[in-house]
Amino acid sequence: MILTLCHDALIVGGGPAGCTLAIALARAGRHAVLIEKSKSAQHKVCGEFLSPESLPYLRRIGIHPEELGAQTIHSMRVAGRDVITEVELPSPALSLTRRTLDESLLLSAQHAGVSLLRGYTVEHLSRDGAQYRTNHGSGVASGLWHAQIKDTSHSSISIHGQDAFLATGKHDLRGWQREARGTQDNLVALKMYFVLSPEQQAKIAGHVELILYSDGYAGLQPVESGMVNLCALITRDKLRSLDGRWDRLLEHMQHHSPHLARRLSGARQVLDRPLALSAIPYGYCVGPAIDEPSPWRLGDQAAVIPSFCGDGMGIALYTAERAAELYLSGSTSAAFHAEARREFKHRLYYTTMLSRLMIAMPAIAQVARLWPSALTEIFTATRLPGSVIHAASH
């Protein structure tokens, strides 16, 4: 079966970035279609830290994480073999599973009037009849975007739109791979939920813990339903030496961090197996304008910040709302990408360098024991700028 539909905007990916953009466009009277490959929201490899900067964006579109069971995070700990230092966050953050957050966002998009297609995979995305803007001529891109999508029964739908947006996270869409690799792309991420013992649950309440060990680091924090999220990074070579086994990685982390071993003593794993994500392009930033028309790239398609910063979802929400503003004002994806590059390029360089240092020399974190305010300064330096947050909250 082949159907033909036409929209103002084609949005690929139903996570925080895609949903936020879709809601903004629908509220402005634009006909947007949101294409999400999963029929129901799934757990994802994500630290699930909702930074203070990200919360105004969610509340603007009617999402209140506290009502969904989000846990308040007021302090951050850094731990190696034991706790090195603890600092209070400048403002409280929240922690909520992506499955819960994404489902709420998708329903909100549907209620806002977005045409939501769940359980569809984009097989092909292209633009026809375009006049390209190049380095050798003026000419503004024209023509329609075409998406060929299929559901689980292999029914084919051809969708047309005036513009296209990629919000597929760290996964690239076939034919639209990132134009460059990240500057730290040798890491694999694995994630597991645990139910801790009552004693350890009480000790971690209100905290996010950054745990350092040889060849990687991990984040541990409470989420809803009495669980904690352990999201671990490890170099590809080290994971290979551990035969790619989750149990051996857990042993490796706990061997280097007795603090983590205490946290997980008596804990119960919630998932049958860990979630995994390889070839993470940390440090990637969308490149300068290219010769051919490009979809608007949002969230991790625009910039991939190292996990220890806890600002991945903040970037997703910010880029979605900013893209909506520029799109509705008649701007182009090239102008948006140039702005995103100016905004994120130097911050990504700085944070990726820190991530490399933490993995190569975990003992460098001892600086935080002697200089606790350094942790607060690092946290502040990796945030979205205050002017952006002010604009988002009004």
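His259 sits in helix H7, which spans residues 258-264. The model is predicted. With a relative accessible area of 3%, His259 falls under the 20% cut-off, so the residue counts as buried.

The side chain of His259 has a polar partner. A contact of 3.0 Å links the side chain of His259 to that of Glu209. Setting aside neighbours within four places in sequence, His259 touches a run of residues from Ala79 through Gly80, Arg81 and Asp82 to Val83. Glu209 and Ile211 complete that contact list for His259.

## Met253 in helix H6

Met253 belongs to helix H6, residues 246-256. Its relative accessibility is 0%, so Met253 is buried. Beyond neighbours within four places in sequence, Met253 contacts Tyr213, Ala218, Leu230, Ala232, Trp246 and Leu260.

## Cysteines

How many disulfides does the whole structure hold? A search finds zero. Cys285 has a relative accessible area of 11% and is buried. Cys309, at 2%, is buried as well. Both values lie under 20%, the cut-off for burial.

## The cavity

The count of cavities of 30 Å³ or more comes to one. The largest cavity holds about 40 Å³ of space.

Which residues line the largest cavity? The lining consists of Gly14, Glu36, Ser38, Ser40, Ala41, Gln42, Lys44, Asp102 and Leu106. By class, two of these residues are nonpolar, four are polar and three are charged. Ala41 and Leu106 make up the nonpolar part. Glu36, Lys44 and Asp102 are the charged members.

## The chain as a whole

The chain has 394 residues, and 55% of them count as buried. His259, Met253, Cys285 and Cys309 are among the buried residues. The secondary structure comprises 12 helices and 16 strands.

Contacts can also be sorted by separation along the chain. Take the contacts between residues at least 6 apart in sequence: 74% of them join residues at least 24 apart.

How values were computed
Residues numbered from 1 in each chain as written. Predicted model: local features only at pLDDT ≥ 70, side-chain atom pairs only at ≥ 80, totals over all residues. Heavy atoms only, no water. 1 Å grid on protein atoms, 1.4 Å probe; cavity = no way out; pocket = protein on both sides within 12 Å on 5 of 7 lines; lining within 4 Å. Points joined across faces, edges and corners; volume = space filled by probe spheres on them. Disulfide = S-S within 2.5 Å. Buried < 20%, exposed > 50% of the residue type's maximum accessible area, 1.4 Å probe, protein only. Helix = DSSP H or I, 4+ residues; strand = E, 2+ residues; numbered from the N terminus. Polar contact = N/O pair within 3.5 Å; in protein donor to acceptor, adjacent residues only side chain to side chain. Contact = heavy atoms within 4.5 Å.
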